Amino acid sequence: MLNTLASDWLALPAPARSTVWILIVTVGLILCVAYLTLWERKVAGWMQLRRGPNRVRIFGLLPGLGQPFADVLKLLTKEVIIPSSANALLFRLAPALALIPALAAWAVIPLSPSLTIAHIDAGLLYVLSLTSAGVYGIILAGWAANSKYAFLGAMRSAAQIVAYEIAMGFALVGVLMAAGSLDLGTIVTAQRPGILGWNWFWLFPLFVVYFIAGVAETNRAPFDVAEGESEIVAGFHVEYSGIGFALFFLAEYANMILISALTAVFFLGGWQGPFAGYPLLGATWLGAPSFGWLAVKIFVFLFLLLWFRWTFPRYRYDQIMRLGWKMLIPVTLVWIAVEGVLAYYHVGPWRPPG
């Protein structure tokens with residue numbers, strides 16, 4: 001039966017197979033986003049010596065695992081209120097503009113050695129353009145609401161994302177220099193087997209800068225001044241309720257998963273096993289490439305994002321700007337120069353194979 005299903009699958013035209021994978025990845029992402037909200041509350045409870053959500057069950061079992069579905073039902077049944085002085089069209093459009101790029105970017109991410117939904121030679125540029133487009137949803141939300149608090153949050157977010165987008169772009173220049181390609185699949189395969197062969201080792205400062213910039217891009221603590229409750233109530237989405245607020249909520253968590261996946265692809269070998277190429281271990285499942293290794297790396301980065309929120313206090317706005325413009329960008333420029341020297345002398349990733 002499996003052989004029949006495999007032959008039927010291969011007989012489908014390429015657009016049909018891509019459509020099926022798009023549905024699988026999209027549904028999987030939405031479920032992951034839903035349970036990431038539960039995981040965050042569980043991590044917060046663990047760090048604060050309490051239980052977290054433990055009431056809503058699934059079919060009377062597994063206490064707490066039904067909480068995301070209860071939250072969705074609550075937000076879907078809430079009344080959507082649009083301020084009388086708001087631009088109604090843009091007010092409704094903004095949440096979708098924040099969420100759609102976070103989902104569309106997965107089209108070019110290599111999930112396994114044999115699975116990438118869309119093979120694009122310029123996949124790196126595609127990802128950069130989509131991650132940059134997400135800020136338009138935030139800006140439109142702040143402007144269309146015609147609220148001073150919302151507009152202030154939108155301007156803060158725009159300035160923050162511009163600063164950290166530059167640092168992130170320079171960090172990816174180093175990845176491009178190491179791989180010699182804009183294709184994300186090629187970037188993964190260009191990293192040598194084994195933990196010490198991945199880009200994080202030779203591009204460690206760029207790795208740190210990229211992850212910090214990713215935290216800032218997603219407006220996560222300690223970079224969440226765009227939603228600073230203590231100064232501007234709730235920032236750019238202060239006027240949203242019901243499903244509009246839920247879409248912004250989903251966009252933040254979807255971007256967290258996306259940034260974690262991109263960090264793993266660019267710097268930690270993507271789907272490569274950690275012990276590939278090592279004696280004995282390399283021939284086992286520890287060295288075999290698979291989607292499982294990518295999922296483990298995403299899990300680790302997501303836990304770091306959750307950990308940061310409950311560990312570090314929120315930075316002041318001037319501290320965030322100083323870190324982005326005066327520290328992260330100079331670090332990337334210096335290390336790109338160092339990388340040029342390493343490439344010239346064929347050191348590290350530029351060493352000829354063999």
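Figure 1. Among contacts (heavy atoms within 4.5 Å) between residues at least 6 apart in sequence, 75% join residues at least 24 apart. The model is predicted, so local features need pLDDT of at least 70 and side-chain atom pairs count only at pLDDT 80 or more, while totals for chains, interfaces and linings use all residues. Residues are numbered from 1 along each chain as its sequence is written, and side-chain values use heavy atoms, with hydrogens and water left out. The secondary structure consists of 13 helices and zero strands; helices (H or I, at least four residues) and strands (E, at least two) are DSSP runs, numbered from the N terminus. The radius of gyration is 22 Å, close to the 20 Å that the globule rule gives for 354 residues, so the protein is as compact as a globular protein of that length. This radius is taken over C-alpha atoms, and the globule rule is 2.2 Å times the number of residues to the power 0.38. The C-alpha trace spans about 70 × 60 × 45 Å along its principal axes.

Figure 2. Of the 354 residues, 46% are buried, where buried means under 20% relative accessible area, exposed over 50%, and partly exposed in between (1.4 Å probe, protein chains only). A nonpolar core is a set of buried Ala, Val, Leu, Ile, Met, Phe, Trp, Tyr and Cys residues joined through side-chain atoms within 4.5 Å. The largest such core has 84 residues, and those with the most contacts inside it are W106, I109, Y164, L184, Y210 and F266. Helix 11 (residues 242–267) gives the most to this core, with 14 residues. In soluble globular proteins, nonpolar side chains tend to be buried together.

**Figure 3. Surroundings of L184.** When neighbours within four places in sequence are left aside, L184 is in contact with V108, I109 and P110, with G123, L124 and V127, and with L262, V265 and F266. Among these partners, I109 and F266 are, like L184, listed with the residues that have the most contacts inside the largest nonpolar core.

Figure 4. On a 1 Å grid over the protein atoms alone, a cavity is a set of points where a 1.4 Å probe fits but cannot get out, and a pocket is an open set with protein on both sides within 12 Å along at least five of seven lines; lining residues have an atom within 4 Å of a point. Grid points are joined across faces, edges and corners, and a volume is the space filled by probe spheres set on the points. A search of the whole structure finds one cavity of 30 Å³ or more, and the largest cavity has a volume of about 30 Å³. Its lining is formed by V127, L128, T131, M168, L172, Y210, I259, L262 and F266. Helix 5 (123–144), helix 6 (148–179) and helix 11 are the elements that give two or more residues to this lining. By class, the lining divides into eight nonpolar, one polar and no charged residues; Ala, Val, Leu, Ile, Met, Phe, Trp, Tyr, Cys and Pro count as nonpolar, Asp, Glu, Lys and Arg as charged, and the others, Gly among them, as polar.

**Figure 5. The second largest pocket.** This pocket has a volume of about 500 Å³. It is lined by 20 residues, of which G28, L29, C32, I257 and F291 are the closest to its centre. Two or more lining residues come from each of helix 2 (14–47) and helix 12 (291–309), and helix 2 gives the most, with 10 residues. The lining comprises 18 nonpolar, two polar and no charged residues.

Figure 6. K42 lies in helix 2 and is partly exposed, with a relative accessible area of 28%. Beyond its neighbours within four places in sequence, K42 is in contact with R51, G52, P53 and N54. L49 is in the loop between helix 2 and helix 3 (67–77) and counts as exposed at 81% relative accessibility. Phi of L49 is near 60 degrees, a positive value in a residue other than glycine. F59 is placed in the loop between helix 2 and helix 3 and is exposed, with a relative accessible area of 84%.

**Figure 7. H346 in the segment after helix 13.** H346 lies in the segment after helix 13 (317–344). Phi of H346 is near 55 degrees, a positive value in a residue other than glycine. At 49% relative accessibility, H346 counts as partly exposed.
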